[in-house]
Amino acid sequence: MLREDYILAWIKRYVQWLLEIVGAVKAEDHLAAARRIDQLLRLLLDVGPDSVTRLTDGEILARLALGDPPALVQERCVVIAVALQQLGLICAAQGQTDASRDCLVKSLHLALGLRLRGAGALAEHAPGVDTLLDQLRPHALPPHTYAALMLFHEQERRYGRAEDALFALLDALPDEADPLEMGLGLYRRLAALSDELLAAGGLPRPEVEEGRRELEARLARLRRPPSPAGAA
């Protein structure tokens, strides 16, 4: 009972902080929002806003998991995702383009993880994946972000968008076999679905087959041994 009360007390505090941060950013009171974000980052990650983007996704998750019940870890992910998103908006307003992109990308990674695993009590406060993608529209994303987006859109039955993320990944890594194998796995899973589901997801079966053939051809070219020097 004590542990449940402890968790509920923390969740209540998190909600209050998130509302304060989002409200301050909307009111363009960036100083007040930055102060609360700084407090949250130092409390949960032991870093400040100027160094949080240097942490890898794995380091962020590891730090969030330290010291408190596992039930709080998911809620902490929501809190940090919101804090990073709002910090990204503050940086954008101040012309800090690279810092804004880095914060929004990390927020997106946390938001994708929450959606792929299922969220907890603070789910309604988690940043929306589509909202974050809109905020990141001017920027190219890291290849592993496109891979996560492909899986996310597939899970959400948005198959056309899953294919878009796949081809963005292939454009980012044009000479690597692993993304092609990943894409072929996607097309195999889609081929097992009904025509109705595929059409509703924005990727009719003929497009699935066309995409699969294209990736098979790309993979065959990639694996073809180079021609001997001087060959016609």
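Is D38 buried, partly exposed or exposed? At 23% relative accessibility, D38 counts as partly exposed, where buried means under 20% relative accessible area, exposed over 50%, and partly exposed in between (1.4 Å probe, protein chains only). The tour returns to D38 below.

**Before selecting anything**

This is a predicted model, in which local features need pLDDT of at least 70 and side-chain atom pairs count only at pLDDT 80 or more, while totals for chains, interfaces and linings use all residues. Residues are numbered from 1 along each chain as its sequence is written, and side-chain values use heavy atoms, with hydrogens and water left out.

**The whole chain**

Show the protein chain as a cartoon. Its secondary structure comes to 11 helices and 0 strands; helices (H or I, at least four residues) and strands (E, at least two) are DSSP runs, numbered from the N terminus. The C-alpha trace spans about 70 × 45 × 35 Å along its principal axes.

Colour by burial next: of the 232 residues in the protein chain, 42% are buried. Switch to a surface, and the accessible area comes to about 12200 Å², with 53% of it belonging to carbon and sulfur atoms. Accessible areas come from the Shrake-Rupley method with a 1.4 Å probe; for residues, only the protein chains shown count as cover.

Contact means heavy atoms within 4.5 Å. Among contacts between residues at least 6 apart in sequence, 61% join residues at least 24 apart.

**The largest nonpolar core**

Select L45 and I80. Of the 36 residues in the largest nonpolar core, these two touch the most other members. A nonpolar core is a set of buried Ala, Val, Leu, Ile, Met, Phe, Trp, Tyr and Cys residues joined through side-chain atoms within 4.5 Å. Helices α1 (2–26), α2, α3 (57–64), α4 (71–93) and α5 (97–117) each supply at least two residues of this core. Helix α4 gives the most, with 12 residues.

Which residues does I80 contact, leaving aside its neighbours within four places in sequence? They are L41, L44, L45, I60, L64 and L110. A second, separate core of 32 residues includes L108, L112, F152 and L166. In soluble globular proteins, nonpolar side chains tend to be buried together.

Select D57, which is found in helix α3. D57 is partly exposed, with a relative accessible area of 26%. Leaving aside its neighbours within four places in sequence, D57 is in contact with K106, H109 and H144. The C-alpha atoms of D57 and H109 are separated by 7.5 Å, although the two are 52 residues apart along the chain.

Now move to A62, also placed in helix α3. A62 counts as partly exposed at 43% relative accessibility. Draw a distance from the C-alpha atom of A62 to that of V73, 11 residues apart along the chain: the separation is 9.5 Å.

**Salt bridges**

Show the charged side chains. The protein chain has 27 positive and 33 negative ones, and the centres of the two sets lie 2 Å apart. Lys and Arg count as positive and Asp and Glu as negative; His and the chain ends are not counted. The place of a charge is taken as NZ of Lys, CZ of Arg, CG of Asp or CD of Glu.

Side chains of opposite charge can pair when their charged atoms come close. The structure holds 14 salt bridges, a salt bridge being a side-chain nitrogen of Lys or Arg within 4 Å of a carboxyl oxygen of Asp or Glu.

R42 and D38 are 4 residues apart in helix α2 (residues 30–44), so about one helical turn separates them. R42 is partly exposed at 46% relative accessibility.

Which residue pairs with E154 in a salt bridge? The partner is R189, with the closest N and O atoms 2.7 Å apart. E154 lies in helix α7 (residues 143–155) and R189 in helix α9 (residues 177–191), so the pair ties together parts that are 35 residues apart in sequence. E154 is buried, at 16% relative accessible area, whereas R189 is partly exposed at 38%.

Select E214 and R218 in turn. Their side chains meet in a salt bridge of 2.9 Å, N to O. The two are 4 residues apart in helix α11 (residues 205–223), which means that about one helical turn separates them. E214 is partly exposed at 33% relative accessibility, and R218 is partly exposed at 24%.
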